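Here is a short briefing on one protein chain. Keep the sequence and the 3D view side by side as you read.

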Amino acid sequence: SLDLSKVVSSAQQAQAASSGVVAKPGANERDNCFHLFVTGQVEAGQFDGLDNLYCRYSFSFGPEWRPVHGVDTGLSQIAQKANGGDTKVVWNFPLDISFSSTNALGWPRLVLSVYGVDAIGRSVVRGYGCVHVPTAAGSYTRYVRLFRPVSSSVIQQLYGWLWGTRPEFFEDAFVGQAEGREVTRVASGGV
């Protein structure tokens, strides 16, 4: 059997030696990358007249990026508004993930999907949102405006309302991409 990593490594060392550059022993791809550490929380959501909501998060990132440690998707508990007129639904859902990359292209984005439970007990999408992970170290508070897809005709809206099949995106990652979003119809869905 042939170990390709040794062949590539030997070829790179031979090329470096011929150019007068001496490769560091044990040098590999991990020495040529940078790391991004993300910690925080999805704190709360504010939705007019909606209750019994839960939040799903995921990260969207380019092909050069890879998660090194932590979880890149998560699902919160179902939360309700507090009594006393407060309009926030509090999740306090923690985020903790590390990425490595050799290129800043495709910088990670946090994609949020908020779902609610309707009167019959079905999960219904209440909003999608996306925000870039900050590019500088520090503590940040980000407000993410959410939106939800809308049916293209009144008949489809009526059908969706009757049968509980409201429009939603096939994948949550669609929200974090630019392709195809210009043709979608959406309505505001909260913060």
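In this predicted model, the aromatic pairs number 8. One of them joins W65 and W107: the ring centres are 5.2 Å apart and the planes stand at 80 degrees, so this pair is edge-to-face. Planes over 60 degrees apart count that way.

**Aromatic rings**

- W65 sits in the loop between β2 (53-60) and β3, and W107 sits in the loop between β5 and β6 (109-117).
- W65 and W107 are both buried.
- Ring pairs also build a cluster. Its members are F34, Y57, F59, F61, W65, F93, F99 and W107.

**A closer look at W65**

- How buried is W65? Its relative accessible area is 4%. Buried means under 20%, so W65 qualifies.
- W65 and F99 are 34 residues apart in sequence. In space, their C-alpha atoms are 6.6 Å apart.
- Beyond its neighbours within four places in sequence, W65 is in contact with several residues, including F34, L36, F99, L105, W107 and P108.
- A polar atom of the W65 side chain lies 3.1 Å from the backbone oxygen of L105.

**The sheet**

- Strands of a sheet pair through backbone hydrogen bonds, either parallel or antiparallel.
- Here 3 strands form an open sheet, in the order β1-β5-β3, with antiparallel pairing.
- Why do β1 (34-46) and β3 (66-70) stand at the edges? Each has a single partner strand, so one side of each has no neighbour in the sheet.
- On average, neighbouring strands of this sheet are turned by 35 degrees against each other, direction ignored.
- β3 and β5 (residues 88-101) run antiparallel and are joined by 4 bridges.
- P67 stands opposite F99 in β5.

**Nonpolar cores**

- The largest nonpolar core has 24 residues. Which of them touch the most other members? They are F59 and W91.
- β1, β2, β5 and β6 are the elements that give two or more residues to this core.
- β5 gives the most, with 6 residues.
- Leaving aside its neighbours within four places in sequence, W91 is in contact with residues including V42, F47, L53, Y54, C55 and V114.

Notes. Residues are numbered from 1 along each chain as its sequence is written. This is a predicted model: local features need pLDDT of at least 70, side-chain atom pairs count only at pLDDT 80 or more; totals for chains, interfaces and linings use all residues. Side-chain values use heavy atoms; hydrogens and water are left out. Two strands pair if DSSP finds at least two bridges between them. Axes are lines fitted to C-alpha atoms, for helices over the stretch in contact, and angles run from 0 to 180 degrees between N-to-C directions. Rings of Phe, Tyr and Trp (its six-membered ring) pair if their centres lie within 6.5 Å; planes under 30 degrees apart count as stacked, over 60 as edge-to-face and the rest as tilted. Buried means under 20% relative accessible area, exposed over 50%, partly exposed in between (1.4 Å probe, protein chains only). Contact means heavy atoms within 4.5 Å. A polar contact is a pair of N or O atoms within 3.5 Å; within protein, one must be able to donate a hydrogen and the other to accept it, and residues adjacent in sequence count only if both atoms are side-chain atoms. A nonpolar core is a set of buried Ala, Val, Leu, Ile, Met, Phe, Trp, Tyr and Cys residues joined through side-chain atoms within 4.5 Å.
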